[in-house]
Amino acid sequence: MSTLLAVFSLIGLGLSVPTGHIYDNAMARKLFLRGDRDHDLILSRSDFEQIFRTFDLDGNHKISGVEFTGHWTTEKLGNIKDATHLFYNLDVNKDGYITQSPDLPFVYNWFDSDSSGQISEGEFIIMWQKLTAWK
Ligand SMILES: [Ca+2]
Ligand SMILES: [Ca+2]
Ligand SMILES: [Ca+2]
């Protein structure tokens, strides 16, 4: 019984975390592990393209704001306000869509801060915090 209570209180704590704290290290780490489809602890270009495809719900090779915020909230990655803010930052050329060019390579190169051609977990977490701090 006490174990059960402990579990419930943990769930309660999880739900009461303010949304302002959502983009901490734990959030960035969770996103990194989700994105690293082949589990080699590197976010490669092909991992990135697969993430792109999961957001492109209608398969037209571009992610609209509705697709992005819809998928983001469905997957419980954050609230719609965070998703809208993030979409705006990821749509580098501000044409209303995230596309495989030029947005995706730009974002990839931006995350790859040492230009090694790969995004490590450390790079991702540091750059994610920068990305979500842009207001
Ligand atoms: Ca990988
Ligand atoms: Ca689309
Ligand atoms: Ca764009």
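1. The model is predicted. Its chain holds seven helices and four strands. Read from the N terminus, the order is α-α-β-α-β-α-α-β-α-β-α.

2. The chain has 135 residues, and 11% of them are buried. Take the contacts between residues at least 6 apart in sequence: 43% of these join residues at least 24 apart.

3. An unreviewed UniProt entry gives the feature "domain: EF-hand" at residues 43-78. In the model, that stretch is 58% helix and 11% strand. The C-alpha atoms at the ends of residues 43-78 lie 21 Å apart.

4. How do helix 2 and helix 7 cross, and at what angle? Their axes come within 9 Å and cross at roughly 125°. Helix 2 is therefore oblique to helix 7. The crossing is right-handed. Helix 2 spans residues 25-35, and helix 7 spans residues 121-133.

5. Now the residues of that contact. Helix 2 contributes Asn25, Ala28, Arg29, Leu31 and Phe32. From helix 7 come Glu121, Phe124, Ile125, Trp128 and Gln129. By class, the contact of helix 2 with helix 7 has six nonpolar, two polar and two charged residues.

6. His39 is not a glycine, yet has a positive phi of about 55°. Leu41 sits in the loop between helix 2 and strand 1 as well. Leu41 is not a glycine either, and its phi is positive at about 65°. Why flag such values? Most residues other than glycine have a negative phi.

7. Are His39 and Leu41 buried or exposed? His39 has 8 other C-beta atoms within 10 Å, so His39 is exposed. Leu41 has 11 C-beta neighbours inside 10 Å, so Leu41 also counts as exposed.

8. One peptide bond needs a look. The bond from Ser101 to Pro102 is cis, with omega near 5°. Most peptide bonds are trans. Where is Pro102 in the chain? Pro102 lies in the loop between strand 3 (97-99) and helix 6 (103-111).

How values were computed:
Residues are numbered from 1 along each chain as its sequence is written. Chains are lettered from A and ligands numbered from 1 in the order in which they are written. This is a predicted model: local features need pLDDT of at least 70, side-chain atom pairs count only at pLDDT 80 or more; totals for chains, interfaces and linings use all residues. Helices (H or I, at least four residues) and strands (E, at least two) are DSSP runs, numbered from the N terminus. A residue is buried if 20 or more other C-beta atoms lie within 10 Å of its own, exposed if 12 or fewer, and partly exposed in between; C-beta atoms are placed from the backbone. Two residues are in contact if their C-beta atoms, placed from the backbone, lie within 7 Å. UniProt positions are given in the numbering used here, feature names are shortened, and annotations may be inferred rather than shown by experiment. Axes are lines fitted to C-alpha atoms, for helices over the stretch in contact, and angles run from 0 to 180 degrees between N-to-C directions. Angles under 35 degrees count as roughly parallel, over 145 as roughly antiparallel, 65 to 115 as roughly perpendicular and the rest as oblique. A crossing is left-handed if the near helix is turned anticlockwise from the far one by less than a right angle, and right-handed if clockwise. Ala, Val, Leu, Ile, Met, Phe, Trp, Tyr, Cys and Pro count as nonpolar, Asp, Glu, Lys and Arg as charged, and the others, Gly among them, as polar.
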